[in-house]
Amino acid sequence: MKLLSEEYAAALDSRDKLAGYRNEFYIRPETVYLDGNSLGLLSKRAESSLHELLESWKKFGIDGWMDGSHPWYYMAERLGEMSATLVGADPGEVVMTGSTTANLHQLLATFYRPEGKRTKILADELNFPSDLYAVKSQIALRGMKPEEQLIRVKSRDGHTLEEEDLIGAMTDEVAIAVLPGVLYRSGQILDMERLTAAAHERGILIGFDLCHSIGAIPHRLHEWDTDFAFWCTYKHLNGGPGSTGGLFVNRRHFGTAPGLAGWFGSDKAKQFDMDHDMTPAGDAGAYQIGTPNILSAAPVIGSLELFAEAGLENIREKSLRLTDYLIELIKAELPDSGLVVASPVDHDRRGGHVYLEHDDAARICRALKEEGVIPDFRAPKGIRLAPVALYNSFEDVRRAVSILKGIMDEGKYKKFNNERGIIA
Ligand SMILES: *Cc1c(COP(=O)(O)O)cnc(C)c1O
């Protein structure tokens with residue numbers, strides 16, 4: 001049977017244990033949505049948990065902080081417990097709060113302690129811009145020069161990083177390392193366990209940005225002994241635009257005073273004593289700042305229920321089969337199109353999305369969108385495609401490649417300008 005035949009994809013779908021979860025999501029039938037690594041789709045569960053929280057406001061007013069099925073006062077901690085299995089955390093090590101960038105600021109304000117000649121922050125040249133903006137401003141806040149204190153480890157091929165190179169840059173001038181779990185562009189998984197061990201052997205604290213890895217691959221942060229991590233919930237976790245982020249702090253660090261203190265980081269029993277001296281929570285809750293964004297956390301409740309039911313191992317297994325199928329199809333059907341698969345091929349190196357490069361990437365993305373396939377463009381020449389285990393089918397992947405083949409074979413993208421829109 002031909003890879004690109006509807007029968008072949010249908011056979012793969014008929015053996016898919018997670019196929020039923022597609023009905024849990026709002027999917028426009030005429031489109032193939034492959035942008036779940038940028039903004040996941042709305043599920044019916046997320047919608048209903050959001051409605052439930054609106055109801056609790058309607059019904060209880062101020063008493064919603066303590067009453068209802070999800071008392072607001074404990075929601076950040078409760079959602080932290082619900083996401084602990086996704087990152088491999090012990091109880092109390094995760095709290096749902098803030099946003100990726102704000103959480104990184106908090107964690108650097110707390111754990112970046114330049115001292116003597118150990119003053120530098122280790123990152124990489126493929127890092128996400130916002131993370132580097134945060135890192136540079138944290139250096140500047142301490143009266144130092146970002147260009148002297150920030151190390152950006154180079155990529156050998158422009159797409160991936162070698163752990164060896166990252167470890168080689170861990171000198172006795174480095175205080176702390178901030179690296180991605182999965183690279184946002186190429187989708188490469190970094191060996192977080194190895195990097196953590198290497199950092200600790202050299203007296204360096206290490207934290208990971210899990211934006212592209214949470215909900216896509218399993219983590220064992222506690223077991224690896226990682227110091228801290230932070231993430232958003234609107235990508236693979238389908239929490240909706242701007243949904244509340246999360247952070248992990250290893251229990252070894254419990255009791256470390258929050259760099260950016262605020263009353264929601266208090267011990268919950270003492271918070272409303274209104275004392276002018278803060279008593280921080282004894283766990284990761286201490287790194288919250290102000291009143292939680294309840295309505296932005298609400299959809300995440302329903303989302304996390306879906307993850308608990310479907311099981312992250314099953315999600316990862318299907319995700320790999322989807323991306324395998326996608327890569328196989330592109331290689332078989334588009335050999336001379338100029339499209340290059342720039343994601344790692346090994347399973348233990350590939351996250352939840354596939355990254356392609358082409359000089360005409362911007363207009364290829366426009367042509368795809370016009371034909372109902374939703375990709376994600378990353379300047380200057382990247383196309384990210386994320387077939388998501390909970391809601392995409394093998395037929396989606398087949399249809400996307402078949403449309404892409406039509407666009408490339410007939411040069412249909414050439415009618416568009418090769419420029420990006422404001423976002424993608
Ligand atoms: C999506 C993403 C962010 C976004 O940060 P926000 O504060 O949520 O806007 C940051 N870092 C990485 C690696 C991302 O993929």
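1. Helices and strands here are DSSP runs, numbered from the N terminus. The model is a predicted one. In it, W263 lies in the loop that links strand 8 (246-249) to helix 10.

2. W263 has a relative accessibility of 36%. Setting aside neighbours within four places in sequence, W263 has contacts with Q271, F272, M274, I289, G290 and T291.

3. W263 and T291 also share an annotation. UniProt, in an unreviewed entry, gives the feature "binding site" at T100, T101, F128, P129, S130, D131, D209, H212, Y234, W263 and T291. These positions span 192 residues in sequence, and the farthest two C-alpha atoms are 30.1 Å apart, so they do not all gather at one spot.

4. T101 is another position on that UniProt list. T101 sits in helix 4 (residues 100-111). Its relative accessible area is 26%, so T101 is partly exposed. Beyond residues up to four places away in sequence, T101 touches S130 and A134. S130 carries the "binding site" feature in the UniProt record too.

5. Now the helix packing. Helix 3 (residues 75-87) and helix 10 (residues 294-310) have axes that come within 10 Å and cross at roughly 30 degrees. The crossing is left-handed. Helix 3 contributes M75, L79, M82, S83 and L86 to the contact, while helix 10 contributes I294, A297, A298, V300, I301, L304, E305 and F307. By class, that contact has 11 nonpolar residues, 1 polar and 1 charged.

Key: Residues numbered from 1 in each chain as written. Predicted model: local features only at pLDDT ≥ 70, side-chain atom pairs only at ≥ 80, totals over all residues. Heavy atoms only, no water. Axes fitted to C-alpha atoms, helices over the stretch in contact; angles between N-to-C directions. Helix = DSSP H or I, 4+ residues; strand = E, 2+ residues; numbered from the N terminus. Left-handed = near helix turned anticlockwise from the far one by under 90°. Contact = heavy atoms within 4.5 Å. Nonpolar A, V, L, I, M, F, W, Y, C, P; charged D, E, K, R; others polar. UniProt positions renumbered as here; feature names shortened; annotations may be inferred. Buried < 20%, exposed > 50% of the residue type's maximum accessible area, 1.4 Å probe, protein only.
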